[in-house]
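Dear colleague,

Please find below the structure that I am handing over to you.

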Amino acid sequence: MTDEYYPWGGEFTIGAPTGCVAVVLLNIQYTPPDSVAIYGRLKTENIGIEKIIANVISNPSLRFLVLCGDDIRGHRSGSSLIALHKNGIDQNHRIIDAPGAIPYIENLQEEAIRRFQAQLSVVDLIGENDVAEIDAVITDCICKAPPSFGEPYIAIRLKPEVTVNITDNRALHSRIIIDYKGKIRKRGG
């Protein structure tokens, strides 16, 4: 399922395949219940938000996005994500009314943002660090059991192709391949 859903890599954990809740962790040490479909940290108000959107709209079972913990100082990534869901972007791709330092969405089309706004209800628990309270909100979302949003929407699909392949045998790094995720591998190994 991870190849079909969640096409844009990142640091996240996959849980219940058909779960309806995704959890965004800000400044908090918390592991959501197993009933959550996916969870991970949000650090930046631009690429971090883009990754979240691309991944959550690819899974039509996801209907709630719960943000918890203290917002990231300077970046204000949690508040910027809420502003994006509420207001969208302007003609310069800036998130309207976002408090973050550089809240620009450069790698997603507006259609993907509209899908995010329609598919997911954002649950603002920014500032909440009480695990029992967060768990209760997640349980409440799951109990609502909303239907799937329809077909997956793939906003960005990274192709597993080599992006850098040094073939000059005279080069010091001629046996190095850098894959599409930026991982370095040795040729033939």
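D140 and K144 both belong to helix α4, where 4 residues, about one turn of the helix, separate them. Helices here are DSSP runs of H or I with at least four residues, strands are runs of E with at least two, and both are numbered from the N terminus. D140 and K144 are joined by a salt bridge, with 3.7 Å between the closest N and O atoms. The term salt bridge is used for a side-chain nitrogen of Lys or Arg within 4 Å of a carboxyl oxygen of Asp or Glu.

Please note that this is a predicted model, in which local features need pLDDT of at least 70 and side-chain atom pairs count only at pLDDT 80 or more, while totals for chains, interfaces and linings use all residues. Residues are numbered from 1 along each chain as its sequence is written, and side-chain values use heavy atoms, with hydrogens and water left out.

K144 is exposed, because its relative accessible area is 51%; D140, at 42%, counts as partly exposed. The cut-offs are under 20% relative accessible area for buried and over 50% for exposed, with partly exposed in between (1.4 Å probe, protein chains only).

The structure holds 3 salt bridges. E110 is partly exposed at 42% relative accessibility, and R114 is partly exposed at 48%.

A further salt bridge links the side chains of D71 and R76, at 3.5 Å from N to O. D71 counts as buried, since its relative accessibility is 14%, whereas R76 is partly exposed at 35%.

The side chains of D71 and S79 make a polar contact at 2.6 Å. A polar contact is a pair of N or O atoms within 3.5 Å; within protein, one must be able to donate a hydrogen and the other to accept it, and residues adjacent in sequence count only if both atoms are side-chain atoms. S79 sits in helix α2, which spans residues 77–87, and it is buried because its relative accessible area is 17%. Apart from neighbours within four places in sequence, S79 is in contact (heavy atoms within 4.5 Å) with D71, P99 and I126.

Helix α2 as a whole is mostly covered, with 8 of its 11 residues buried. Among them are S77, G78, L81 and H85. The elements that cover the buried residues of α2 include the strands β2 (21–25), β4 (64–69) and β5 (121–126), together with the helices α1 (47–56) and α3 (110–119). Just after α2, G88 takes a positive phi of about 80°.

The other serine is S148, which lies in the loop between α4 (131–144) and β6 (164–165). S148 counts as partly exposed, because its relative accessibility is 44%. Although 88 residues separate S148 from P60 in sequence, their C-alpha atoms are 5.3 Å apart in space. Leaving aside neighbours within four places in sequence, S148 is in contact with P60, S61 and R63.

Yours sincerely
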